[in-house]
Amino acid sequence: MLMSVAEIARNAGVYPELAGARVLVTGVLSTRGIDLVRAFGEHGCRMVLQVPEISPEIDALLSHVAETALEIHVHHDPLDTAEEAVRFTQAASRHFGGFDIVVNLIALDLSDLRGLSGLDEIEDMLAERLQAAARTTGVAANRMGLT
């Protein structure tokens with residue numbers, strides 16, 4: 001009985017349907033996305049990661065994921081504009097023939113609201129901040145629809 005409970009506990013949270021899934025994750029930093037990327041890797045996904053920083057935490061993450069993921073490609077170029085996001089996503093989509101999962105990690109902080117006086121300014125700030133992620137998602141979704 002104890003062994004069967006231990007076996008169930010060991011396999012809790014395992015999703016076999018993710019094995020081999022083609023995953024794009026943008027905006028991975030040492031402060032966000034590490035557990036998400038690690039989990040995709042441990043499920044045997046094929047991943048393209050956009051990691052705009054290099055740090056010891058990121059190096060440790062990439063070393064771990066390289067051992068567990070089916071395939072991994074890391075890009076350190078920032079995606080500051082919608083055009084950069086489109087070019088990056090198109091190139092990444094061609095590599096895998098599309099994606100099954102797309103995750104865009106974006107940091108928003110209360111300090112981003114300082115100095116903004118009205119809802120229009122807040123909406124403009126959010127639109128600007130989310131523009132690259134929205135274009136990334138749009139390009140990937142278009143490719144998903146084609147495949």
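Colleague: What should I know about the model before we start?
Modeller: It is predicted, so local features need pLDDT of at least 70 and side-chain atom pairs count only at pLDDT 80 or more, while totals for chains, interfaces and linings use all residues. Residues are numbered from 1 along each chain as its sequence is written, and side-chain values use heavy atoms, with hydrogens and water left out.

Colleague: At what angle do α2 and α3 cross?
Modeller: The axes of α2 (residues 34-42) and α3 (residues 56-68) cross at roughly 15 degrees and come within 8 Å, which means that α2 is roughly parallel to α3 (an angle under 35 degrees).

Colleague: Which residues of α2 and α3 meet?
Modeller: Ile 34, Val 37, Arg 38, Gly 41 and Glu 42 in α2 meet Glu 57, Leu 61, His 64, Val 65 and Thr 68 in α3, contact being heavy atoms within 4.5 Å. By class, the residues of this contact are four nonpolar, three polar and three charged.

Colleague: Switching topic, how much space lies in the largest pocket?
Modeller: The largest pocket holds about 430 Å³. Its lining counts 21 residues, and the closest to its centre are Leu 79, Asp 80, Ile 106, Arg 129 and Ala 132.

Colleague: And which element gives the most to that lining?
Modeller: Helix α5 does, with six residues, and the elements that give two or more are α4 (82-96) and α5 (119-146). The lining has ten nonpolar, seven polar and four charged residues.

Technical notes
Axes fitted to C-alpha atoms, helices over the stretch in contact; angles between N-to-C directions. Helix = DSSP H or I, 4+ residues; strand = E, 2+ residues; numbered from the N terminus. Parallel < 35°, antiparallel > 145°, perpendicular 65-115°, else oblique. Nonpolar A, V, L, I, M, F, W, Y, C, P; charged D, E, K, R; others polar. 1 Å grid on protein atoms, 1.4 Å probe; cavity = no way out; pocket = protein on both sides within 12 Å on 5 of 7 lines; lining within 4 Å. Points joined across faces, edges and corners; volume = space filled by probe spheres on them.
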